[in-house]
Amino acid sequence: MPRLTIATTATAVPMGAQAYERHVVSRAPAALAALAGPGEEWQVAHVVARSIRSPLQGTLRLPMRWLGGAPPRARAAAGRLAYARAGVVHRMNLELPPAPREVVTLHDVVAWRYADESPPVAAAAEELRRAAAVVCVSAFTAAEAVDLLGLVDPVVVPNGVEERYFGAEPLDHEALAGLGVEGAFVLTAGGASQRKNLAALADAWPRVHAARPDVSLVLAGPPHSRRTELFGALPGVRLVGRVADDVLPRLYAAASAVVVPSLVEGFGLPALEGMASGVPVVASNRSSLPEVVGDGGLLVEPTGAALAEAVIDVLAGGRDVEAMACRGLERSRRFTWEASAEGHARVWRSVAH
């Protein structure tokens with residue numbers, strides 16, 4: 001009987017990677033059953049690793065800090081102990097030790113590209129090259145992995161978008177006022193690292209505000225000094241911090257436009273969520289964003305001038321903007337977590353067989 005063990009890490013503040021884990025893990029048994037041949041019945045287990053003294057919930061304790069800098073041979077030995085009799089292991093976090101027969105998820109290569117991102121696990125590149133299969137969430141990430149890390153034939157399996165974004169009820173006036181938001185607004189959601197290119201958006205916003213003083217800019221995401229420094233003194237800007245998961249789709253739906261100015265996105269979930277909400281999307285024409293957005297949004301150069309012009313054009317509305325938002329909504333329906341789980345299941349079966 002084939003066995004799949006999906007290994008993740010416990011996290012205090014879930015982000016996009018944890019949403020990916022949750023959706024793939026929950027759908028793994030059904031996806032494997034749908035593809036199974038005669039007499040093929042999979043056992044699926046989920047291992048949640050945490051550090052030795054972590055108060056977080058989990059099923060396995062590991063010396064995570066030591067593992068991050070351990071040499072490949074020591075990490076491999078730890079993996080053999082951690083995944084004993086685990087069958088095919090899908091390791092969804094590079095910090096975890098490798099398994100003898102494994103699939104590994106690579107969301108992006110920004111740890112190797114940007115100094116302000118968390119540094120890569122020392123042994124990660126070598127372990128990725130040795131894995132039976134590597135799943136990348138976009139063709140862009142796969143190409144980066146080949147060029148930068150020397151991977152051969154990574155498998156592209158796109159992410160999905162949660163169903164709750166489709167037809168989400170916009171936040172009402174009272175709920176928006178509770179966030180300090182009044183009137184029409186443009187939304188940017190996500191982190192504040194250099195690759196998010198918030199500096200270009202900060203350069204663009206005074207021009208947008210001058211043309212449309214009735215519209216504010218709302219930035220949602222965990223508090224970060226760079227975001228505060230860039231936007232704290234700008235007019236018509238509201239920093240709302242991290243928004244609760246059950247509120248976020250309604251915040252998207254209430255926006256007049258969604259802006260994703262990133263230089264690099266491993267996948268580009270904020271753009272997809274904006275499209276699924278039926279809101280016009282302005283996005284950078286870099287990295288994976290063209291794969292996700294296609295003709296369902298306005299793709300522009302990631303400069304202040306280009307972003308400002310695009311946002312002003314979208315805020316003007318009209319049939320072209322409405323048609324673009326409709327294309328975005330329809331395009332977003334192609335990205336389902338069921339399709340993502342099926343793509344993963346095909347990889348698991350190929351490694352098992």
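Biologist: By class, what is in the lining of the second largest pocket?
Modeller: Seven nonpolar, no polar and six charged residues. Ala, Val, Leu, Ile, Met, Phe, Trp, Tyr, Cys and Pro count as nonpolar, Asp, Glu, Lys and Arg as charged, and the others, Gly among them, as polar. This is a predicted model, where local features need pLDDT of at least 70 and side-chain atom pairs count only at pLDDT 80 or more, while totals for chains, interfaces and linings use all residues. Residues are numbered from 1 along each chain as its sequence is written, and side-chain values use heavy atoms, with hydrogens and water left out.

Biologist: Which residues lie nearest the centre of that pocket?
Modeller: A76, P98, A99, E102 and R130, out of 13 lining residues. A pocket here is an open set of points on a 1 Å grid over the protein atoms alone where a 1.4 Å probe fits, with protein on both sides within 12 Å along at least five of seven lines; lining residues have an atom within 4 Å of a point.

Biologist: Which helices each supply at least two residues of the lining?
Modeller: Helix 3 (72-82) and helix 5 (124-130). Helices are DSSP runs of H or I with at least four residues, strands are runs of E with at least two, and both are numbered from the N terminus.

Biologist: Now the sheet. What is the strand order?
Modeller: 10-9-8-11-12-13, an open sheet of six strands with parallel pairing. Two strands pair if DSSP finds at least two bridges between them.

Biologist: How many bridges join strand 9 to strand 8, and how many to strand 10?
Modeller: Five join strand 8 (residues 185-189) to strand 9, and four join strand 9 to strand 10 (residues 237-241). F185 stands opposite S216, and the partner of V218 in strand 10 is R238.

Biologist: What does the chain cross through from strand 8 to strand 9?
Modeller: Helix 8 (residues 198-211), in a right-handed β-α-β crossover. Right-handed means that, with the strands pointing away from the viewer, the path from the first strand over the helix to the second runs clockwise. Strand 9, helix 9 (residues 225-231) and strand 10 also make a right-handed unit.
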